[in-house]
Amino acid sequence: MKFIIAVIKPYKLDEVREALGAIGVAGMTVSEVKGFGRQKGQTEIYRGAEYSTNMLPKVKLEIAASDEIAAQVVETIQQTASTDAIGDGKIFVLDLASATRIRTGETGDTAL
């Protein structure tokens, strides 16, 4: 099993969620986060005054996937979330040692 963490632009969330549902992803956890990468934040104008913000709003997706579909999940996120502009985000893939469904006690891929 793999644990996939993706940090994407907020307005891409619905499009990514629909694309992942189409390939069989049954669930995910979504968090609103702030951060920065190479773009180092941005300059904005508020009430005529220019100010700099170094933390940009992003959305973090956390997905547990079986080994069989993990590569397809990563590819789907990458293609759907891409705008070909700086700040599109990152995808991280980690090995997932175990998963347990609390309600039934199922473990492994069946818990996903």
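I am working with a predicted model, in which local features need pLDDT of at least 70 and side-chain atom pairs count only at pLDDT 80 or more, while totals for chains, interfaces and linings use all residues. Residues are numbered from 1 along each chain as its sequence is written, and side-chain values use heavy atoms, with hydrogens and water left out.

**Helix pair.** I looked up helix α1 (residues 13–22) and helix α2 (residues 67–81), whose axes come within 9 Å and cross at roughly 145 degrees; the axes are lines fitted to C-alpha atoms over the stretch in contact, with angles from 0 to 180 degrees between N-to-C directions. Helices here are DSSP runs (H or I, at least four residues), as are strands (E, at least two). On the α1 side I noted Glu15, Val16, Ala19 and Leu20, and on the α2 side Val73, Thr76, Ile77, Thr80 and Ala81, where contact means heavy atoms within 4.5 Å.

**Thr76.** Not counting residues up to four places away in sequence, Thr76 touches Ala19, Leu20 and Ile23.

**Phe3.** I then turned to Phe3 in strand β1 (residues 2–8), which is partly exposed at a relative accessible area of 23%. Leaving aside neighbours within four places in sequence, the contacts of Phe3 include Glu62, Ile63 and Phe92. Phe3 and Phe92 are 89 residues apart in sequence, yet 8.2 Å apart in space, C-alpha to C-alpha.

How values were computed. Buried < 20%, exposed > 50% of the residue type's maximum accessible area, 1.4 Å probe, protein only.
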